[in-house]
Amino acid sequence: MLNLERLRTLDALARHGSVSGAAEGLHITTSAVSQQMSKLEREVGQRLLAKNGRGVRLTDAGRLLADHAARILSQVELAQSDLEAQRGQVVGELRLVAFPTALRGLFPAALSALRAEHPALRVHSRELEPEGGVAAVVRGDADLAVVLDWYNKPLPMPEGLAKASILKDRVEIAMPEGHPLAGRTEVTMEDFADDEWVAWPEGEFCHEWLLYTLRTEGIEPRIAHRAEEHHTQLALVAAGLGVCVAPRLGRDPMPPGVRAVPVRESVHRHIYAVWRTDADRRPSIRAAVRALRSAADAV
């Protein structure tokens with residue numbers, strides 16, 4: 001009889017590609033991963049791992065069993081989801097991830113509501129950028145992720161995920177209050193062709209969106225500064241070091257010396273929740289979506 005937890009360890013190894021990655025995803029030690037794999041190899045009577053430089057790789061037998069393990073674990077999750085749905089109670093553990101402004105702008109109210117309404121539900125949350133959030137849900141490291149699309153650049157979404165809209169987040173451009181456009185009631189992206197920008201770190205989804213959007217308008221962006229957090233970006237804008245995109249979600253309080261002006265063509269982000277379709281009937285997922293929407297209504 002194959003042990004479910006050992007199959008889960010094999011599945012994590014296949015998904016993460018390393019013992020350390022599997023250990024981090026499962027929240028156990030690397031030695032525990034090695035022990036589980038040794039026991040699984042004894043159970044099946046075949047080698048599942050082979051050395052690959054300083055790391056390991058799956059053997060042919062390991063890949064074969066990992067494919068079966070993924071399907072078995074999906075069926076187990078579906079069974080758990082159906083049992084929860086039949087019981088109709090919001091209980092157990094729920095692992096949530098969100099990009100920084102959603103975590104700051106939505107989670108305090110949403111998680112407080114979940115705690116008050118469903119005291120038997122244990123919620124854990126952490127911060128992840130949108131692409132990382134989607135990957136965590138696909139890997140099974142998170143149950144639900146709050147992610148975003150830009151109005152003109154969708155986030156790539158793999159098969160096997162369900163999603164629900166949470167919020168349409170209007171975007172403004174933040175500039176020093178002495179900027180020539182600070183007195184306008186609205187602006188366009190083209191208005192800032194000659195400005196220096198404060199942007200997100202290179203390679204991030206939002207950074208790539210900014211480059212794509214400006215270049216679509218025939219503007220080669222002048223990125224002077226990069227910062228992960230919107231509040232850091234706004235502090236740089238307040239110091240007169242450039243302009244930045246300023247979504248409304250999780251933005252307040254605006255620092256002194258900064259003026260935010262709406263973009264005429266309604267630049268916005270779609271905020272939504274994603275989860276695996278095999279967990280679709282879990283009452284805890286539905287409760288989390290309702291709480292997030294209620295929090296969004298109050299923004």
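Student: Is Cys206 buried or exposed?
Tutor: Cys206 counts as buried, at 4% relative accessibility. Buried means under 20% relative accessible area, exposed over 50%, and partly exposed in between (1.4 Å probe, protein chains only). Keep in mind that this is a predicted model: local features need pLDDT of at least 70, side-chain atom pairs count only at pLDDT 80 or more, and totals for chains, interfaces and linings use all residues. Residues are numbered from 1 along each chain as its sequence is written, and side-chain values use heavy atoms, leaving out hydrogens and water.

Student: And Cys244, buried or exposed?
Tutor: Cys244 is buried too, at 1% relative accessibility.

Student: Switching to packing: which residues touch the most other members of the largest nonpolar core?
Tutor: Leu106, Leu144, Trp150 and Ile173, out of 65 residues. Such a core is a set of buried Ala, Val, Leu, Ile, Met, Phe, Trp, Tyr and Cys residues joined through side-chain atoms within 4.5 Å.

Student: What does Ile173 touch?
Tutor: Leaving aside residues up to four places away in sequence, its contacts (heavy atoms within 4.5 Å) include Cys244, Trp197, Phe192 and Arg259.

Student: What's in the second core?
Tutor: That separate core has 17 residues, including Leu10, Val19, Met37 and Leu40.
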